[in-house]
Amino acid sequence: MIEYYDKEELELQISNYLSGNSTDEEKETLLAFLASNEAAARTFREMSAVWALSSVPSFAEIENSNLVRIKERMTAPASSKPVRKLIPVWLKVAAAVILLIGCNYFWYTYTENLTEVYTNADSPYEIKVPAGSRTNIVLPDGTEVSLNAGSVLRYHRGFGIRERNVTLDGEGYFKVAKNAEVPFFVKTNDVQVQVVGTVFNVRAYDDDNYVMVSLLEGRVNLATLSGSVMKLFPSEQAFYDKNTGRMEKMKSNASSAWLDGGLTFEDAPFADIAHRLERKFQVKISLESERLKAERFSGCFNSNQSINDILGEINVEKQYTWKVSGDTIFITDKKKEVK
C-alpha cells in the first residue's frame with residue numbers, strides 16, 4: 001500500500017478524486033489508504049464537504065449569494081471569541097475549491113471556520129433528475145449514487161462529517177462507502193433504510209403506492225413510520241404498501257436494468273408499469289380500462305426498445321389498443337367493457 005507522507009500530495013490526490021480526474025489505480029490506492037488512516041479519512045471528509053460548495057449543479061445559481069452570507073457571518077465580530085483575520089481573496093474564489101485545498105496555509109487556517117458555517121447552513125443540496133433522464137453522482141463521503149428519471153435526492157451540507165443522511169423521492173441505486181463510525185441513512189416519506197457499507201436499490205416515488213428496497217450486497221435495516229422493522233440480506237427485497245402499512249420480504253433477483261436505460265417488471269400491476277413508462281419516456285398514459293389497471297405483467301426490456309415496443313409485448317394477446325394525442329397515450333380495451 002502506498003503511503004502519502006506529504007500532506008500536500010494527499011490533498012492533491014483527494015482533489016483529483018473529487019473532481020473525477022483520478023485514474024482507476026489512483027482511486028483504489030487512495031481509498032485503501034483512507035480506510036487504514038483515520039486522520040487522512042477525516043481530511044477527506046472535511047475536504048469533500050467544502051468541495052460540495054461548488055460540485056452540485058442545482059446550487060450553482062444561488063451559490064454566489066450563499067458565499068456572500070458566509071463572508072458576512074465569518075467576518076462578523078463575536079462577543080466571546082476573538083475575530084480571526086480572513087483573506088478576502090480566498091472568499092472570492094471559494095467556489096473554486098481546488099485553489100483552496102491546494103494551499104496548506106489557507107486550508108489549515110480556515111477549515112474550522114468554514115466547516116462550522118458550512119455544516120450549520122439550513123438549505124440542503126438537492127439533485128433533481130428530469131423525466132426521461134438518469135444521472136450518476138458521488139456524495140462527499142465517496143458513496144456512488146445512480147438516480148432514475150424523476151428522482152430527487154437531498155442531503156445537508158454537513159454530510160460526511162458528523163452524519164450521512166440523505167432523503168430520496170424516486171429511485172436510487174447506492175454503492176455506499178464503508179464507514180462503521182457514521183452509518184448511512186436513506187430516508188423516504190414512509191421508510192428509512194440504514195446501512196454501513198452495501199449495495200442496494202430503493203424505489204420510493206411519492207406518487208407511487210409502494211416503496212421497494214432490493215439488496216444486492218451487505219445488509220440493511222428497514223424501519224417504517226408505524227414502527228415496523230425488517231432486516232434484508234443479499235437477494236432479498238422488501239415491499240412496503242403505503243395504503244395498508246404492511247411490509248413484506250421476498251426473494252428477488254434484484255435487477256438494475258434501469259441503470260442502462262432498460263426496464264424490468266416482476267409481477268407488477270399495469271398501473272405501476274404505466275407510471276414507470278411515463279417517467280422514462282416523458283409521456284402521460286391514460287388508462288381507459290379498469291381491467292388493464294389490475295392486470296400484472298413480468299418482463300425485461302432494453303434501452304433500445306421504444307414505448308410502442310413495450311406496449312406491443314405487453315399486449316401479446318391483442319386485447320388492447322392505444323392511440324397518441326399530443327403527449328398523452330390513451331389505452332382502451334378493443335372490445336367495449338360490458339356494463
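This is a predicted model: local features need pLDDT of at least 70, side-chain atom pairs count only at pLDDT 80 or more; totals for chains, interfaces and linings use all residues.
Which residue forms a salt bridge with Lys242? The partner is Asp190, and the closest N and O atoms of the two lie 3.8 Å apart. Here a salt bridge is a side-chain nitrogen of Lys or Arg within 4 Å of a carboxyl oxygen of Asp or Glu. Residues are numbered from 1 along each chain as its sequence is written, and side-chain values use heavy atoms, with hydrogens and water left out.

**View 1. The whole chain, to get our bearings.**
The chain has 10 helices and 18 strands. Helices (H or I, at least four residues) and strands (E, at least two) are DSSP runs, numbered from the N terminus. Of its 339 residues, 45% count as buried. Buried means under 20% relative accessible area, exposed means over 50%, and partly exposed lies in between, all with a 1.4 Å probe and protein chains only. A contact means heavy atoms within 4.5 Å. Among contacts between residues at least 6 apart in sequence, 52% join residues at least 24 apart.

**View 2. Lys242 and Asp190, a bridge between two loops.**
Side chains of opposite charge can pair when their charged atoms come close. Lys242 sits in the loop between strand 12 (236-241) and strand 13 (247-251), while Asp190 sits in the loop between strand 6 (184-187) and strand 7 (191-195), so this pair ties together parts that are 52 residues apart in sequence. Asp190 is buried, with a relative accessible area of 18%. Lys242, at 21%, counts as partly exposed.

How many salt bridges does the count come to? The answer is 12. In one of the pairs, the side chains of Glu248 and Arg246 meet at 3.5 Å, N to O. Arg246 counts as exposed at 55% relative accessibility, whereas Glu248 is partly exposed at 38%. The side chains of Asp333 and Arg291 also form a salt bridge, at 3.1 Å from N to O. That pair links distant parts of the chain, with Asp333 in strand 18 (residues 328-333) and Arg291 in helix 9 (residues 290-294), 42 residues apart. Asp333 is buried at 12% relative accessibility, and Arg291 is partly exposed at 37%. Salt bridges that share partners also join Glu126, Lys128 and Arg154 into one network.

**View 3. Asp169, a charged residue without a salt bridge.**
Look for Asp169 in strand 5 (residues 164-175). Is Asp169 buried or exposed? Asp169 is buried, yet it has no salt bridge. Lys and Arg count as positive and Asp and Glu as negative, while His and the chain ends are not counted. The nearest side chain of opposite charge belongs to Arg154, 5.9 Å away. The Asp169 side chain does reach the backbone nitrogen of Asp206, at 2.9 Å. Leaving out residues up to four places away in sequence, Asp169 touches Gly150, Ser151, Val152, Ala204, Tyr205 and Asp206.

On a 1 Å grid over the protein atoms alone, a cavity is a set of points where a 1.4 Å probe fits but cannot get out, and lining residues have an atom within 4 Å of a point. Grid points are joined across faces, edges and corners, and a volume is the space filled by probe spheres set on the points. The count comes to one cavity of 30 Å³ or more. The largest cavity has a volume of about 50 Å³. Its lining is made of Phe270, Leu292, Leu311, Ile314, Asn315, Tyr320, Trp322 and Ile331. Helix 10 (307-314) and strand 17 (320-325) each supply at least two residues of this lining.

Phe200 lies in strand 8 (residues 199-204) and is buried, with a relative accessible area of 0%. Among the residues that Phe200 touches are Tyr173, Phe174, Val186, Leu215 and Val220. Phe200 and Ser235 are 35 residues apart in sequence and 9.8 Å apart in space, C-alpha to C-alpha. Ser235 is in the loop between strand 11 (229-232) and strand 12. Ser235 has a positive phi of about 70 degrees although it is not a glycine. Asp267, in strand 14 (residues 263-269), has a positive phi of about 50 degrees and is not a glycine either. Ser235 is partly exposed at 37%, and Asp267 is partly exposed at 46%.

Notes
A polar contact is a pair of N or O atoms within 3.5 Å; within protein, one must be able to donate a hydrogen and the other to accept it, and residues adjacent in sequence count only if both atoms are side-chain atoms. On a 1 Å grid over the protein atoms alone, a cavity is a set of points where a 1.4 Å probe fits but cannot get out, and a pocket is an open set with protein on both sides within 12 Å along at least five of seven lines; lining residues have an atom within 4 Å of a point.
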